Amino acid sequence: MLKLPFSKKTLETRLAVEAVMEAGKAVIEIYNGNFSSILKDDNSPLTEADIKSNKIIQQIISGSQHPILSEESPDNKERLKHKKIWIVDPLDGTSDFVNRTDEFTIMIALVEDNKPILGVVYWPVNNILFLAQKGEGAYKFAKDEWLKLEIND
């Protein structure tokens, strides 16, 4: 597991980072091979990578017991009764994935009372991770080191 840059590491942060990293491995394996895509009802593409990434992420972050809203899963309105909810895009930029532009990411956010408290964006092609946690700042992990990012209120 990647050493996190925060002084207060939450379970949710650990789970989200583990989830994007594991999903990223699966996505890259598919990306480097032969794959096909289909069109969803909204005419956006869907690949095996979307589905596999979604499955991996859901398995890992479900350990937090918070409901999950994912682009690639049916919405369960029960989530509206909860204080915290995960919001997941298991493969943001599927069109770029299909076109092999290298411009796609895996994104997870945790929202509490309608406000983001955790965000993770992983760019698996370049092994770059962006991580922000409420009260702890924002960081970029690249070339095996964390770089604190400048943020504003």
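Which residue in β8 is the bridge partner of A132?

Analyst: It is A138. This is a predicted model: local features need pLDDT of at least 70, side-chain atom pairs count only at pLDDT 80 or more, and totals for chains, interfaces and linings use all residues. Numbering starts from 1 along each chain as its sequence is written, and side-chain values use heavy atoms, without hydrogens or water.

β7 and β8 run antiparallel, joined by five bridges. Strands (E, at least two residues) and helices (H or I, at least four) are DSSP runs, numbered from the N terminus. Two strands pair if DSSP finds at least two bridges between them.

Now the whole sheet. Seven strands form an open, mixed sheet in the order β3-β4-β5-β6-β7-β8-β9. β3 and β9 (145-149) are its edges, each pairing on one side only. From one strand to the next, the twist averages 15°.

Axes are lines fitted to C-alpha atoms, for helices over the stretch in contact (heavy atoms within 4.5 Å). Angles run from 0 to 180 degrees between N-to-C directions.

I61 shows some contacts. Leaving out residues up to four places away in sequence, I61 touches L15, A16, A19, I68, W86 and V88.
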